[in-house]
Amino acid sequence: MTSSLLRPPGHLSPATALQLSQQAPNIIKNSPGAVTASAFSSLFSAPETPELWTIYENLLLSCLRTGDEESAHLCLGRLVNRFGDDNERVMALIGIMKEADATDDATLEVVLKEYEALLQENPTNTPIVKRRVALLRSLGRIPDAVTALTGLLDFSPTDSEAWSELSDIYFSQGMYGQAIYALEEVLVLQPNAWNIHARIGELLLMSIKSGDQNDSAKQLGEALKRFCRSIELCDDYLRGYYGLKITTTQLLEDPPKPSKQAESDGLSPPNLPTLQKLDGLATEKLGEITRRFTAGERGWQGFDEAEIVAARELLEKSSSTTVR
Amino acid sequence: MAQLPPQTIQRDPQLFYWILFPITVVMILTGILRHYASVLMASPPKKVDQPSLKEQRSLMHGVAVRSNSHALSAPSFKARREFLTTAFESGAYLKDPERRGQPPANPMTDPGAMDGMMGMMKNNMAMMVPNTLIMSWINTFFSGFVILKLPFPITIKFKSMLQAGVATKEMDPRWMSSISWYFLCYFGLQFVFNFLLGSDNAASQMAQQMQGMAPQAPNMFGPGVDADKQFQAEAENLAVIKHYSVLDDVEQRLLEGIKTR
């Protein structure tokens with residue numbers, strides 16, 4: 001139970017987040033509200049753990065997500081009590097709280113002004129910079145958000161979170177080349193992130209679909225390799241197999257012209273037997289995952305429901321074409 | 001073979017209450033006091049301004065590109081290499097580009113460096129002053145008392161250690177003087193402090209001494225380090241790296257891996 005509270009709640013499904021925030025009053029009641037700084041009482045009370053504050057922070061986010069603002073205010077109050085309201089992370093949390101309390105765009109603009117004032121004082125306040133980017137993006141001011149984000153990355157190019165957010169913004173604008181570049185920066189910082197490998201593959205596929213670049217042999221080849229790498233790193237990563245299946249299908253049905261460029265970069269698609277083997281592998285694994293997930297076998301749970309449905313549809317489509 | 005009768009010394013039981021017990025309590029209390037004193041005196045980490053943050057992070061970014069270059073495909077690595085080497089060589093990320101090529105400033109004049117040294121001084125003082133005080137306190141009041149008999153026999157070599165301050169040649173080394181009890185506390189109270197204050201306390205002198213003895217890690221961004229030189233070196237490292245990509249032959253590796261499983 002608390003283990004899911006120790007990780008940032010962004011990945012939680014709505015159901016889990018709701019469950020967490022429903023337990024919030026209990027957790028708040030049972031956890032110590034403040035840890036005394038006095039030497040004498042600290043000899044007798046339980047020692048302060050970093051986990052306690054992580055739990056408050058994540059609980060705050062979960063509560064905001066599910067609209068339980070009362071508990072969120074309690075959590076924030078305790079964090080402010082402990083760390084003071086000039087702590088950078090707490091400042092960002094206070095900002096989130098204000099954003100959540102805001103009812104219209106005018107109030108959000110006021111919050112934005114506050115962020116800008118804080119950044120005037122201390123331009124390296126990374127949590128606030130990130131809040132500002134998120135707020136700008138949710139206000140629909142995408143160019144401003146990109147400028148703010150590139151400003152952050154200019155002085156802190158080792159921030160993988162910021163790079164992936166930048167990639168997501170570029171992707172939402174259909175700028176695939178830039179989005180892929182930003183994701184490659186994430187890979188430079190986290191070379192074994194299999195989801196990022198697969199994500200690059202997905203972006204490459206989408207950029208072929210949108211047709212803004214014409215060297216599709218190279219792009220398909222790289223997408224295939226990215227999916228393979230992500231499977232190599234995590235051998236039952238559903239999205240990896242899904243992407244692999246799509247890429248191999250596309251390569252088998254409609255092989256692109258071999259290009260010099262792809263050849264010299266070492267990114268040309270593999271030969272036909274390898275492709276067929278890879279296709280078979282992806283089909284087999286996708287089938288296994290969907291079957292075992294639906295059967296409710298132990299150790300095969302935890303996949304995303306929507307992804308399973310999509311995988312099953314893909315399999316049905318491909319099997320119907322082979323029968324025909 | 002006449003066995004030596006065990007030495008017996010008639011000790012006043014009051015010795016226990018007035019020497020052994022006070023020394024122990026005082027040691028524990030000073031340890032706790034030292035912990036809180038160092039917590040109070042610890043200066044908060046200094047804010048790094050934006051240009052120097054940029055300088056540090058850019059260098060780290062360069063190192064990351066170099067060491068994780070295998071995650072990139074050949075063309076994207078080539079593009080990054082070209083961009084980063086030119087930027088590094090031209091000093092685009094330097095804190096103050098005008099000062100390129102000049103010798104680094106004397107660390108003594110840099111207020112940032114002085115801060116770090118003051119911190120070290122404070123720590124050392126917090127360790128040395130109480131120790132000296134307690135030593136002299138014990139020497140003045142309790143020297144020459146035999147306060148304790150160890151429950152196990154030990155060899156004669158320990159005599160000088162355990163009976164410091166008691167100049168009696170014939171006495172069994174099992175007898176301990178007060179100053180020796182002080183040393184025993186000094187080395188042995190670490191676990192008591194761990195229990196009372198948590199494991200990362202500043203009270204246990206032993207841990208601090210160990211830290212002092214370990215060779216200091218070279219300070220990458222410390223004062224007196226020429227950032228321009230670091231950037232030049234990093235540019236060279238990037239330029240000479242022989243790039244391989246993890247994407248090369250990944251499908252073969254994958255198929256073979258599946259087969260062997």
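Q: Helices here are DSSP runs of H or I with at least four residues, and strands are runs of E with at least two. With that settled, what are the helix and strand percentages of residues 15-37 of chain B, and how far apart are the end C-alpha atoms?

A: First, keep in mind that this is a predicted model. Residues 15-37 of chain B come out as 100% helix and 0% strand, with 32 Å between the end C-alpha atoms. The UniProt record, an unreviewed entry, labels that stretch "transmembrane region", along with 127-148 and 179-197 of chain B. For 179-197 of chain B, the figures are 95% helix, 0% strand and 26 Å between the end C-alpha atoms.

Q: How many helices and strands does chain B have, and in what order do they run?

A: Count the runs, then walk along the chain. Chain B has 10 helices and two strands. Starting at the N terminus, the order is α-α-α-α-β-α-β-α-α-α-α-α. Of the 261 residues in chain B, 23% are buried. Take the contacts in chain B between residues at least 6 apart in sequence: 75% of them join residues at least 24 apart.

Q: How many residues of chain B are in contact with chain A, and which helix of chain B gives the most?

A: As a general idea, interface size is often quoted as the accessible area lost when the parts come together. Here we can count residues instead: 32 from chain B are in contact with 30 from chain A. On the chain B side, helix 2 (50-67), helix 3 (74-90) and helix 10 (250-260) each supply at least two residues. Helix 2 of chain B gives the most, with nine. By type, the chain B side splits into 17 nonpolar, 10 polar and five charged residues.

Q: What is the phi of B:Asp249, and is this residue buried or partly exposed?

A: Most residues other than glycine have a negative phi. B:Asp249 is not a glycine, yet its phi is positive, about 60°. You'll find B:Asp249 in the loop between helix 9 (227-240) and helix 10 of chain B. B:Asp249 is partly exposed, with 14 other C-beta atoms within 10 Å; the buried label would take 20 or more.

Q: Over to chain A. Which residues of helix 7 are buried, and why do they line one face?

A: Look down the axis and see where the buried residues point. In helix 7 of chain A, they are A:Val111, A:Leu112, A:Tyr115 and A:Leu118. These buried residues fall within an arc of 115°, so they line one face of helix 7 of chain A. The face turned away from that buried side carries exposed residues, including A:Lys113, A:Glu116 and A:Gln120. Helix 6 (88-101) and helix 8 (126-138) of chain A are among what covers the buried residues of helix 7.

Q: How far do helix 7 and helix 14 of chain A reach?

A: Compare the end-to-end reach with what 1.5 Å a residue predicts. Helix 7 of chain A (105-121) has 17 residues and reaches 25 Å, close to the expected 24 Å. Helix 14 of chain A (238-253) has 16 residues and reaches 22 Å, close to the expected 22 Å. Among the buried residues of helix 14 of chain A are A:Leu238, A:Tyr241, A:Tyr242 and A:Leu251.

Q: And where does UniProt place "EMC2 TPR-like" in chain A?

A: That domain feature, from an unreviewed entry, sits at residues 113-197 of chain A. The stretch is 79% helix and 0% strand, and its end C-alpha atoms are 37 Å apart. Separately, chain A is divided into domain 1 (1-34 + 47-83) and domain 2 (99-156). Their centres, taken over C-alpha atoms, are 24 Å apart.

Conventions:
Residues are numbered from 1 along each chain as its sequence is written. Chains are lettered from A and ligands numbered from 1 in the order in which they are written. This is a predicted model: local features need pLDDT of at least 70, side-chain atom pairs count only at pLDDT 80 or more; totals for chains, interfaces and linings use all residues. The expected span of a helix is 1.5 Å times one less than its number of residues. A residue is buried if 20 or more other C-beta atoms lie within 10 Å of its own, exposed if 12 or fewer, and partly exposed in between; C-beta atoms are placed from the backbone. UniProt positions are given in the numbering used here, feature names are shortened, and annotations may be inferred rather than shown by experiment. Two residues are in contact if their C-beta atoms, placed from the backbone, lie within 7 Å. Ala, Val, Leu, Ile, Met, Phe, Trp, Tyr, Cys and Pro count as nonpolar, Asp, Glu, Lys and Arg as charged, and the others, Gly among them, as polar. Domain bounds come from an automatic or database domain assignment. The arc is that of the directions from the helix axis to the C-beta atoms.
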